[in-house]
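I am keeping these notes as I go through the structure, one entry for each thing I looked up. Each term gets its cut-off where I use it for the first time.

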Amino acid sequence: MIKELIAVGAGGALGSAARYLVSYVWLSGLTVGGLPVGTFTVNVAGSMLIGYLAQTLNSSMAVWLLCVGFCGGFTTFSTFSADFIRLVRAGNTTGALLYVAATVAVCALATVAGARIAVATGR
């Protein structure tokens, strides 16, 4: 259990640092129609990555490190939820609902795409 905990913690730290770079450095303040691009981007990319990893990883330690740790730290449902509340409080209820629908739909499709990429590349 200790090895798994260390793997999850290390992966989570790296994933959180990567989320910070994408959302708060590279895509800081970028919106499309008032919707936050950074959070959306990490959730879609993380969904695709976890689909790929779930299809390809054979080591349970790699799953702990990369799926649970890195992808768990990289994707951010709590920030997604905070963005939703921010949009509602700003009076953009339609945008908030669109953001939720688009995030769920696109992330689900990205997960499938990641798994299909793994199969197509022989993983």
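**Entry 1: Glu4.** I looked up how open Glu4 is, and at 28% relative accessibility it counts as partly exposed, because that class lies between buried (under 20% relative accessible area) and exposed (over 50%), taken with a 1.4 Å probe on protein chains only. This is a predicted model, in which local features need pLDDT of at least 70 and side-chain atom pairs count only at pLDDT 80 or more, while totals for chains, interfaces and linings use all residues. Residues are numbered from 1 along each chain as its sequence is written, and side-chain values use heavy atoms, with hydrogens and water left out.

I placed Glu4 in helix 1, residues 2-26; helices (H or I, at least four residues) and strands (E, at least two) are DSSP runs numbered from the N terminus. Leaving aside neighbours within four places in sequence, I found Glu4 in contact with Met61 and Trp64, where contact means heavy atoms within 4.5 Å. I also noted that Glu4 and Ser60 are 56 residues apart in sequence, yet 8.8 Å apart in space from C-alpha to C-alpha.

**Entry 2: the whole protein.** I counted off 5 helices and 2 strands, and along the sequence they follow the pattern α-β-β-α-α-α-α. The C-alpha trace spans about 45 × 30 × 25 Å along its principal axes, and 33% of the 123 residues count as buried. Of the contacts with a separation of 6 or more, 71% come from residues 24 or more positions apart.

**Entry 3: helices 2 and 3.** How do helix 2 and helix 3 lie relative to each other? They pack at an angle of about 170°, with their axes 9 Å apart; the axes are lines fitted to C-alpha atoms, for helices over the stretch in contact, and angles run from 0 to 180 degrees between N-to-C directions. The two helices are therefore roughly antiparallel, a word used for angles over 145 degrees, whereas under 35 is roughly parallel, 65 to 115 roughly perpendicular, and the rest oblique.

Among the residues that meet here are Val42, Leu49 and Leu53 in helix 2 and Phe70 and Phe74 in helix 3. By class, this contact has 11 nonpolar, 1 polar and no charged residues; Ala, Val, Leu, Ile, Met, Phe, Trp, Tyr, Cys and Pro count as nonpolar, Asp, Glu, Lys and Arg as charged, and the others, Gly among them, as polar.

**Entry 4: two residues of helix 2.** Leu49 is in helix 2 and, at 31% relative accessibility, counts as partly exposed. Beyond its neighbours within four places in sequence, Leu49 is in contact with Phe70 and Cys71. Ser47, also found in helix 2, is buried, with a relative accessible area of 12%. Not counting residues up to four places away, Ser47 touches Thr75, Cys107, Ala110 and Thr111.

**Entry 5: helix 4.** Which residues of helix 4 are buried? I listed Thr79, Phe80, Asp83 and Leu87. Seen down the helix axis, these buried residues fall within an arc of 105°, so they line one face of helix 4; the arc is that of the directions from the helix axis to the C-beta atoms. The face turned away from that buried side carries the exposed residues Phe77, Ser78 and Arg89. What covers the buried residues includes helix 1, strand 2, helix 2 and helix 5. Just after helix 4, I noted that Gly91 takes a positive phi of about 85°.
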